[in-house]
Amino acid sequence: MPYPSPPRIPSGPRRRTLLASAAGAALLAGCTAGADSGTGPSATVRARARAAEDSRELLARYDAVLAAFPGLTGRLHPLRAEVAAHVAAFTQGTTPTATASGSASASPSASPSVPATEKDALASLAAAERSLADRRARELLDVPGEPARLLASVAAAGAAHAYLLTTGGTK
């Protein structure tokens, strides 16, 4: 049985047309949001500052383990050097106040605790690298373009560091 046609034809745009237009406008706005948008630059600055601070804290962990276990220097020095390069990459082109992320100082105030054995210290570093890599991988979805690529690259390096720390390999 055919459905009867509506008694009158609507004079304005149809609901589907309005929904499609709204969806298209939202997609267009999403594609063009970036450095020009009101929240883009501040979100990018905050993400870089947070990433720099996280890298500084990881660097302090490496330094604490190296101070407690000097015999690990050959194994940890290349990884520590890369973490230091990550700090430099995240702070490059930013002002010191932007990289401090609102904290009282740019460096951690207390030295991180170090486990009692070399094996536990390496496992602790690997867990810190893995956790930070996972968090950065999630955060890169919230930043545009080049900062997202930097976060992705550093997250991948952190995952590789975690692997090297748990398998006994060196770079």
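These legends walk through several close-up views of a predicted model. Local features need pLDDT of at least 70 and side-chain atom pairs count only at pLDDT 80 or more, while totals for chains, interfaces and linings use all residues. Residues are numbered from 1 along each chain as its sequence is written, and side-chain values use heavy atoms, with hydrogens and water left out.

View 1. Along the sequence the pattern reads α-α-α-α-α-α. Helices (H or I, at least four residues) and strands (E, at least two) are DSSP runs, numbered from the N terminus. Of the 171 residues, 32% count as buried; buried means under 20% relative accessible area, exposed over 50%, and partly exposed in between (1.4 Å probe, protein chains only). Take the contacts (heavy atoms within 4.5 Å) between residues at least 6 apart in sequence: 78% of them join residues at least 24 apart.

**View 2. The largest cavity, with a volume of about 40 Å³.** The structure holds 3 cavities of 30 Å³ or more. A cavity here is a set of points, on a 1 Å grid over the protein atoms alone, where a 1.4 Å probe fits but cannot get out; lining residues have an atom within 4 Å of a point. Grid points are joined across faces, edges and corners, and the volume is the space filled by probe spheres set on the points. Lining the largest cavity are Leu58, His86, Glu129, Leu132, Ala133, Arg136, Val154 and Gly158. Helices H5 (118–139) and H6 (145–167) are the elements that give two or more residues to this lining, and H5 supplies the largest share, 4 residues. By class, the lining has 4 nonpolar, 2 polar and 2 charged residues. For that tally, Ala, Val, Leu, Ile, Met, Phe, Trp, Tyr, Cys and Pro are nonpolar, Asp, Glu, Lys and Arg are charged, and the others, Gly among them, are polar.

**View 3. Helix H5 and its buried residues.** The end C-alpha atoms of H5 are 31 Å apart, which agrees with the 32 Å that its 22 residues should span at 1.5 Å a residue. That expected span is 1.5 Å times one less than the number of residues. Buried residues of H5 include Ala121, Leu122, Leu125, Glu129, Leu132 and Arg136.

**View 4. Serine 124, a residue of helix H5.** Serine 124 counts as buried because its relative accessibility is 19%. Its side chain makes a polar contact with the side chain of arginine 61 (2.6 Å). A polar contact is a pair of N or O atoms within 3.5 Å; within protein, one must be able to donate a hydrogen and the other to accept it, and residues adjacent in sequence count only if both atoms are side-chain atoms. Leaving aside residues up to four places away in sequence, serine 124 touches Arg61 and Pro115.

**View 5. Into and along helix H6, starting from the loop between H5 and H6.** Leucine 141 sits in that loop and, at 69% relative accessibility, counts as exposed. From leucine 141 to alanine 152 is 11 residues in sequence and 9.5 Å in space, C-alpha to C-alpha. H6 has 23 residues and reaches 33 Å from its first C-alpha to its last, close to the 33 Å expected. Among its buried residues are Val154, Gly158 and His161. After H6 comes glycine 168, with a positive phi near 85 degrees.

Terms used
On a 1 Å grid over the protein atoms alone, a cavity is a set of points where a 1.4 Å probe fits but cannot get out, and a pocket is an open set with protein on both sides within 12 Å along at least five of seven lines; lining residues have an atom within 4 Å of a point.
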